[in-house]
Amino acid sequence: MWNAGRETSSPGTELSENQAKKEKERLIKELQLITEERNDLRDRLRFLTERSMKNRPHFRPNPYYEDLERMEEAVMSILHNLEMENTEVHEKNQKLKKEITFSR
């Protein structure tokens with residue numbers, strides 16, 4: 001009987017070892033995700049608290065980012081010009097409508 005009890009505890013020990021390994025793997029993955037999130041939040045905080053990215057000691061200009069900034073400036077300029085043009089056309093249209101209404 002003593003041996004029988006011992007044999008049944010062995011599979012239970014293996015099962016608990018497997019569960020322990022799975023739990024360990026899960027915790028390691030969770031720790032990695034939390035560490036990654038912490039690092040991301042730390043970088044965001046650093047970015048927000050500094051006046052600009054260029055003040056960072058490890059800042060290396062990204063040529064693609066600079067090109068993108070130039071393109072954004074150009075697009076914003078075109079957008080502004082179109083908005084101004086649209087406003088002028090709208091005002092002229094309103095004046096013409098008033099003249100047409102007045103002349104009738």
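User: What do buried, exposed and partly exposed stand for here?

Analyst: Buried means under 20% relative accessible area, exposed means over 50%, and partly exposed lies in between (1.4 Å probe, protein chains only). The model is predicted: local features need pLDDT of at least 70, side-chain atom pairs count only at pLDDT 80 or more, and totals for chains, interfaces and linings use all residues. Residues are numbered from 1 along each chain as its sequence is written, and side-chain values use heavy atoms, with hydrogens and water left out.

User: Why is Asp40 called partly exposed?

Analyst: Asp40 has a relative accessible area of 36%. Partly exposed is the class between the buried and exposed cut-offs, so Asp40 is partly exposed.

User: What makes Arg44 and Asp40 a salt bridge?

Analyst: The term asks for a side-chain nitrogen of Lys or Arg within 4 Å of a carboxyl oxygen of Asp or Glu. Arg44 and Asp40 meet at 3.4 Å, N to O. They therefore form a salt bridge. Both lie in helix α1, four residues apart, about one turn of the helix.

User: How many helices and strands does the protein chain have?

Analyst: The protein chain has two helices and zero strands. Helices (H or I, at least four residues) and strands (E, at least two) are DSSP runs, numbered from the N terminus.

User: What makes Glu23 and Arg26 a salt bridge?

Analyst: Their closest N and O atoms are 2.6 Å apart. That meets the salt-bridge cut-off, so the pair counts. Both residues sit in helix α1 (residues 2-49), three residues apart, about one turn of the helix. Glu23 is partly exposed at 37%, and Arg26 is partly exposed at 41%.

User: What about Asp43 and Arg46?

Analyst: Asp43 forms a salt bridge with Arg46, with 3.4 Å between the closest N and O atoms. They also lie in helix α1, three residues apart, about one turn of the helix. Asp43 is partly exposed at 41% relative accessibility. Arg46 is partly exposed at 32%. Elsewhere, salt bridges with shared partners join Glu23, Arg26 and Glu30 into one network. The structure holds five salt bridges.

User: Which residues gather in a patch of negative charge on the surface?

Analyst: Glu66, Glu69, Glu72 and Glu73 do. Asp and Glu count as negative, Lys and Arg as positive; His and the chain ends are not counted. Patch residues need over 30% relative accessible area and no salt bridge, with like charges joined within 9 Å and nonpolar side chains (Val, Leu, Ile, Met, Phe, Trp, Tyr) within 5 Å. Glu66 has 33% relative accessibility and counts as partly exposed. Glu66 is in helix α2 (residues 63-103).

User: How much of the protein chain counts as buried?

Analyst: Of its 104 residues, 1% count as buried.

Key
Accessible areas come from the Shrake-Rupley method with a 1.4 Å probe; for residues, only the protein chains shown count as cover. The place of a charge is taken as NZ of Lys, CZ of Arg, CG of Asp or CD of Glu.
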